[in-house]
Number of protein chains: 2
Amino acid sequence: MTEKDAPEAVERRRGSGAKLVYDALRDEILDLVLAPGSAIDEVELAERFGMSRTPIREALVRLAGEGLIETLPNRSTLVAPIDFLNIHAYFDALTLMYRVTGRLAAEHHKPGDIVRITALQADFARAVEAQDALAMIATNAAFHLAIAEAGRNPYFTALFKRLLDEGRRILRLYYQSYDDRLPHRFVGEHEEMIAAIAARDLGLSEQLGRVHADQIVEQVRKLLVREERLDLTL
Amino acid sequence: MTEKDAPEAVERRRGSGAKLVYDALRDEILDLVLAPGSAIDEVELAERFGMSRTPIREALVRLAGEGLIETLPNRSTLVAPIDFLNIHAYFDALTLMYRVTGRLAAEHHKPGDIVRITALQADFARAVEAQDALAMIATNAAFHLAIAEAGRNPYFTALFKRLLDEGRRILRLYYQSYDDRLPHRFVGEHEEMIAAIAARDLGLSEQLGRVHADQIVEQVRKLLVREERLDLTL
DNA sequence: TGTATTCTATTTGTCGACAAAAATTCAAGA
DNA sequence: TCTTGAATTTTTGTCGACAAATAGAATACA
């Protein structure tokens with residue numbers, strides 16, 4: 001039961017190793033448990049998960065493919081830094097995906113979709129009530145991803161998923177100093193979005209997506225400006 | 001020099017193995033040298049490239065991350081089939097990316113960009129003159145990717161790259177039976193796009209992107225209808 | 001003849017080991 | 001003390017081997 005050199009090692013089905021490590025590392029990166037820019041030690045991970053380096057490396061290759069880590073050839077691999085220089089490009093892409101997925105969801109959603117989306121929205125509302133920042137971030141991303149999936153365009157869904165992932169790291173900074181009125185506003189906006197999608201109002205769904213995105217962008221922008229000022233005064 | 005069991009094996013720098021295999025397989029998949037849906041044999045590839053299965057597997061993991069192959073756990077890995085059921089989603093995404101990258105290129109391009117884009121357009125024009133279908137496809141994709149890069153949004157560029165890649169396989173079918181007037185029309189449209197981008201006319205650039213996309217979508221759609229009819233008459 | 005079951009063969013996922021490359025330490029000389 | 005260069009340690013990329021999982025062949029049974 002107690003193995004000092006393999007804390008998370010358990011009996012697993014063959015073939016599940018890489019996925020296990022991938023999921024664990026992904027969450028730790030997105031929740032900022034692993035600091036952006038910090039080094040990743042393959043051997044350490046192998047010991048921690050109680051497996052050889054082979055499945056660890058497979059997980060790292062997959063993470064690198066999604067831009068969550070960076071591998072320097074023959075040298076260390078790092079947790080991808082948050083690129084504040086390209087933050088404008090990020091906001092552009094995020095806003096467009098909010099609009100597009102909103103519109104497509106209104107166009108292509110099927111009966112079960114609204115049920116799923118509503119359930120995830122309830123999860124988000126609960127997290128807001130409980131003031132659980134990590135849960136807010138995760139449930140918010142799940143909610144918007146469900147809308148994207150209702151739009152039934154895997155290309156947009158994949159990009160949006162990547163953007164929401166990257167956003168989890170930024171929001172993790174944001175929610176550390178959040179104004180607690182804002183999440184409540186998001187709850188209301190989410191409900192408007194669901195109604196517009198259910199009513200198959202393409203234009204309104206897209207517009208609400210844009211408004212919602214602008215809301216978030218504006219808040220993060222304020223946060224960044226404040227951070228910059230803090231940097232300057234140090 | 002002659003090694004019967006490792007045709008492509010040569011002295012390489014350490015660390016280049018996976019990339020070599022990745023590039024080679026990627027080209028063979030996109031040029032339809034490897035048939036969509038066909039199985040991939042790791043051992044065979046290892047022998048062909050004269051290396052062990054480890055770097056081969058790394059290349060396969062990366063290709064799977066980009067959706068170019070599909071891995072069935074504990075079973076074979078196959079070249080990703082062309083998904084004609086989702087072709088509508090593909091066209092939607094492609095059209096939007098043509099528009100967005102056109103607009104952003106007009107907004108953010110820097111001096112060197114126009115030079116690069118013009119050079120790639122010249123390559124495309126040459127391929128059209130030479131009636132070299134494979135070259136047309138490759139240079140066309142490179143041209144549009146250069147426009148995307150001038151737009152300086154890595155998220156859009158990455159999605160567009162993936163779409164253009166996937167498109168290479170579809171166009172490979174298309175150009176087997178192409179009407180030779182069409183590529184010439186594309187040459188003219190490309191030149192209009194360059195002019196609009198250089199003039200920093202955001203609206204026109206976006207509109208030309210849309211027109212260009214519609215052009216391609218319409219042609220591929222016609223092709224698909226024809227193929228369907230052929231299927232029915234068999 | 002058709003179906004179920006055991007056996008065999010192929011293929012995949014994982015492992016431990018080794019060598020190349022880089023990072024680090026240490027020593028020598030200015 | 002600082003720089004240069006050699007020696008050592010650490011870390012990565014690759015390899016060959018083995019075992020689990022599956023597919024296919026062979027056999028038994030109805």
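Ala, Val, Leu, Ile, Met, Phe, Trp, Tyr, Cys and Pro count as nonpolar, Asp, Glu, Lys and Arg as charged, and the remaining residues, Gly among them, as polar. With these classes in hand, the surface near DNA strand D can be sorted into five nonpolar, nine polar and seven charged residues. The model described here is a predicted one.

Read from the N terminus, the elements follow the order α-β-α-α-β-β-α-α-α-α-α-α. Of the 234 residues in chain A, 33% are buried. Among the contacts in chain A that link residues at least 6 apart in sequence, 72% join residues at least 24 apart.

Three of them form an open, antiparallel sheet in the order β1-β3-β2. In this sheet, β1 (39-40) and β2 (69-71) of chain A stand at the edges with a single partner strand each, so one side of each has no neighbour in the sheet. Strands of a sheet pair through backbone hydrogen bonds, in either a parallel or an antiparallel way. In chain A, β2 and β3 (residues 77-79) pair in the antiparallel sense over three bridges, and A:Thr71 stands opposite A:Thr77 in β3(A). Helix α3(A) lies across β2 and β3 of chain A, and runs at about 110° to β2(A).

Attention now turns to the DNA. DNA strand D is surrounded by 21 residues, and the closest are B:Gly15, B:Gly17, B:Met51, B:Ser52 and B:Thr54. Both chains take part in this surface: α2 (42-49) of chain A and α1 (17-30) and α3 (53-65) of chain B each supply at least two residues. For DNA strand C, 21 residues again form the surroundings, the closest being A:Gly15, A:Gly17, A:Met51, A:Ser52 and A:Thr54. Here α1 (17-30) and α3 (53-65) come from chain A and α2 (42-49) from chain B, with at least two residues supplied by each. The surface near DNA strand C has five nonpolar, nine polar and seven charged residues.

The two protein chains also meet one another. In this interface, 21 residues of chain A are in contact with 21 residues of chain B. On the side of chain A that touches chain B, α3, α4 (87-108) and α7 (154-174) each supply at least two residues, and α4(A) gives the most, with six. By class, this side of chain A has 12 nonpolar, five polar and four charged residues.

What lies inside the protein? In soluble globular proteins, nonpolar side chains tend to be buried together. The largest nonpolar core in this model has 79 residues, of which A:Met97, A:Phe156, B:Met97 and B:Phe156 touch the most other members. Leaving aside residues up to four places away in sequence, A:Phe156 touches A:Met97, A:Val100, A:Thr101, A:Leu104, A:Ala148, A:Gly151 and B:Ala93. A second, separate core of 30 residues includes A:Tyr22, B:Leu25, B:Ile29 and B:Leu30.

B:Tyr22 is found in helix α1 of chain B. Why does B:Tyr22 count as buried? A residue is buried if 20 or more other C-beta atoms lie within 10 Å of its own, and B:Tyr22 has 20. Not counting residues up to four places away in sequence, B:Tyr22 touches B:Ala59, B:Arg62 and B:Leu63. B:Tyr22 and B:Asp165 are 143 residues apart in sequence, and their C-alpha atoms are 14 Å apart in space.

Definitions and conventions
Residues numbered from 1 in each chain as written. Chains lettered and ligands numbered in written order. Predicted model: local features only at pLDDT ≥ 70, side-chain atom pairs only at ≥ 80, totals over all residues. Near = placed C-beta within 6 Å. Helix = DSSP H or I, 4+ residues; strand = E, 2+ residues; numbered from the N terminus. Core = buried A, V, L, I, M, F, W, Y, C linked by C-beta atoms within 7 Å. Buried ≥ 20, exposed ≤ 12 C-beta atoms within 10 Å, placed from the backbone. Contact = placed C-beta atoms within 7 Å. Pairing = 2+ DSSP bridges. Axes fitted to C-alpha atoms, helices over the stretch in contact; angles between N-to-C directions.
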